[in-house]
Amino acid sequence: MSPARLAFLLLAAPLASAAFTACFLRRRGGAAAALSVGVAALILAGALWLGFSGVRFEAAREWLSLGGLIVSFGFKFDDLAALMLVIVALVGFCVHVFSLDYMSEDGAKGRYFAGLSIFMFSMMGIVLANNLFMMFIFWEFVGFSSWLLINHWHERPAPCAAAKKAFITNRVGDFGFLLGIIMCYWIRGTVNLTDLAVQSSSGFAIYSRAIPLLLFCGAIGKSAQLPLQVWLPDAMEGPTPVSALIHAATMVAAGIYMLCRIQMLMVPQALEVIAWVGTATALYAALCAVTQRDIKKVLAYSTLSQLGYMVAAFGLGSVEHRLDNGETILVAAGVGAAMFHLTTHAFFKALLFLGSGSVIHGCRHEQDIFRMGGLARRMSFTYVTFTFAVAAIVGLPFFAGFFSKEAILALAFSENRAIFAILAFTAALTAFYMLRLWRLVFLGKPRSASAEHAHESGFSMKAPLAVLAGLAVFGGMRRLYPSGFAGVLGWALEPEGSARAAVLSTSLVVLVGGAALALILYSSSAIGRAGATAADNYLRDPLESGFPRLFGALVTLRDSFDTAYEYYIEKIQQRLAMLLNFVDLLGIGGLVRSVAGMVGLAGLQARALHVGRLNVYVYWFLAGVAVLWAFAAGIL
Amino acid sequence: MITASLNAYIGLSAILFAIGFLGVLLRRNALVIFMGLELMLVAATLALVAFSRFNATMDGDVFVFFILTVAAAEVAVGLAIVVALFRRRGTIQVDELDSLKN
Amino acid sequence: MFNALFVFIAVFTVVCALGAMLSRNTVDAAMCLLLCLAGVAGLFVALHAFLLAFLLLLVYAGAVVTLFLFIIMLIDVRGAAVPPRRRIATAAGAAALVLVVAGLASLATRGRLSLPPPPPGLPVGESLKAYAELLFTTYLLPVQLIGFLLLIAMLGVIALSRKAP
């Protein structure tokens, strides 16, 4: 089987599984689950073979031909795609296995697993696409899968609203994306990625800032950057495995992947904008995470922050690199650092989410971290894996996140000191809120009945945690990656000399500082001193009681975007919609009805001719004869 | 004997046809309308015979046979209908036979 | 061209036709029709179509007009009030008259039907044998169809004139 055929099979299998489940296995949740997990295993095997065997190819077939525009359906399987495919397949398989136990009592299992299959299909389409149109099509598919899965418990109003919000916000970003694609086709004449690369390397004449910025709009929507980040925290209404797969590891990373794919279209001004947007998002999200009580929302804001890191890394662009033989070449260090961090982030974020899923499952669907505690002894396996993940995300040396963060900070240090400072401060905040989370959930004494009676999860939930924990520990060591990915990971440079010392010391300082602050502020005595409101054992956050004004400011910051958007929608957009509705009813409806009325009138008049009297018909006969005669005589 | 041009015969036929048609147009008694129809047919036969005579053929004459027969059949059936109508409606003024109105 | 006899017969025919169409009394109209048919028969004789003249008188005048008279006697109600003529009828009548006059005028001025006078000798229309020859060879199909038509007409009349049950 040729690699292109295999890739096509990997793409078609989950689609077939989803279709089959949707048609026949809706009620048979167990069979749907088995089918879906089997397909996920197949995809993992295929992806690992394709990625590690070093085979790289391009294949295409013409799909649609409209005049001069040709939309083709093809695969571009280079190192970047191989890396992303392996990540998606691996995390996807882990999530599938985890869902077997997590969703075992759910009533709509069939729909859930069909949704997971459709998501795998769409995501792999984005990874494998060789032109922007195809990528856009699968982009929309991914948005649809996300909507479907967030909306899984659609009997409640909150998930429905959250799913709508996610889809609409994505749509706003996709509008810019589509404009960018059209503009790219207009100016460049092609949307095929390979052709664009060839064009750029041989020096394309027209200089366009608009194309990369418009295409970045798609990434803003999909990867939840400022100002379209409002959907990601709400998307936590979906089941936890869905959050792990879609809203942590893969779908939100699609924006970053897309940026790396279109790197040949970038210009310095666009890159600067992108870098600042990413940095602002990272800082903002970290500030919001500090005040959260819901375990999944903390992780959601943490995802936002890390995505901001990746986007900022991409925006920092390429650096000059001195090779061993003394030459300097231009290396796309931004792409390398962003993809490296994407890889490690996929592993440890998925692990964090699945771990939190295990905790939620064990505590019987309790999600407030102030009602947990003391789970270290009761759920020890989850505790150990979760600790590895926390170590990775805060950048503890030799864990995965350390290396990728170091690459990003080194890049920032050499390119833009201001961004470096902000990212370092954000790293401190990351350490602060992650340690806070870890401390409140696992250490200390149980603070509620459900935490006291927590139990460890079953095998199918522990196995993925183990796999991902291993990756979180060893995923940062680039030498362990096969040479097949060198085309991408090799671009993430390690800092040298004095820069290395500076970056290393900075990252260690912020790590220790943030962690210490968290452990002090959230010790058991501090929590006890913070007190509680009488109703429902609602323990107060020590931060809230200790520094009320700071806490209040942070909460306002967090809600500001939502408030602004709601105001806009209610006051401006809704009124415009009502006006348009009125115009439609009266204007267009009126037009159609008046045409119908005229036809009716004509009918009434025709009816009046049926007099019923013979004479009248003879008069018509006479008229006809007269007309005929006029024709014959040449008068008419 | 009688020598008249073809134009004269045709003109006469036209006049008779017109009189018959005006009768159909303007009279309201169904029977008189029928008589107008017969008059029109007779005018047509006159024209046919005149043409066939002046072209020295027989075809027009033979056709008159058929016209005669058809006219007879038509009168029979038409008058049967008029009688049936009169039995139903009690009138033969076509003005009042307008139950197909609208 | 114009022969006194022809003119006489023509005028007679036209006057009787007018009488047929214009008389108030239906029986008068039928009688005028009869006389008109007699005039047309005379014109046929002038055209040397003797058989046809005879047939006209036999079939038309003898059978058709007699049938008319039967029906008139059967159903024409005397003294029925005649409603006044509507305006549309007057307009249509005027229009028809105009057309007729225009037609005749154009025939008179632009008519190019001048053919040479008919050859002397035996006019073809005089021979009964010639009729029979044509009817039973060239025009056999129409003869059969006419027979069929007569059958249908007979059946129709019988069906129509049954008393309603």
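I take helices (H or I, at least four residues) and strands (E, at least two) as DSSP runs, numbered from the N terminus.

I am reading a predicted model: local features need pLDDT of at least 70, side-chain atom pairs count only at pLDDT 80 or more, and totals for chains, interfaces and linings use all residues. Residues are numbered from 1 along each chain as its sequence is written, and chains are lettered from A and ligands numbered from 1 in the order in which they are written.

**Loop between H8 and H9, chain A.** I looked up A:Pro227 and placed it in the loop between helix H8 (210–222) and helix H9 (231–234) of chain A. The peptide bond joining A:Leu226 and A:Pro227 is cis, with omega about -10°. A:Ala224 lies in the loop between H8 and H9 of chain A too. Its phi is near 55°, a positive value in a residue other than glycine. I noted the background: most residues other than glycine have a negative phi, and most peptide bonds are trans. Is A:Ala224 buried or exposed? I count A:Ala224 as buried because 29 C-beta neighbours lie inside 10 Å. The cut-offs: 20 or more other C-beta atoms within 10 Å of a residue's own make it buried, 12 or fewer exposed, in between partly exposed, with C-beta atoms placed from the backbone.

**Loop in chain C.** I found C:His48 in the loop between helix H2 (26–46) and helix H3 (50–75) of chain C. The phi of C:His48 is near 65°, positive in a residue other than glycine. C:His48 is partly exposed, with 19 other C-beta atoms within 10 Å.

**Helix H20, chain A.** I checked the length of helix H20 (residues 459–474) of chain A. At 1.5 Å a residue, its 16 residues should span 22 Å; the expected span is 1.5 Å times one less than the number of residues. The end C-alpha atoms are 23 Å apart, which agrees. Buried residues in H20(A) include A:Met461, A:Pro464, A:Leu465 and A:Leu468. Seen down the axis, the buried residues of H20(A) fall within an arc of 165°, so they line one face of the helix. The arc is that of the directions from the helix axis to the C-beta atoms. They pack against helix H3 (79–102), helix H14 (333–362), helix H16 (380–394) and helix H17 (400–415) of chain A. Contact here puts two C-beta atoms, placed from the backbone, within 7 Å.

**Chain C on chain A.** I found six residues from chain C and four residues from chain A in the contact.
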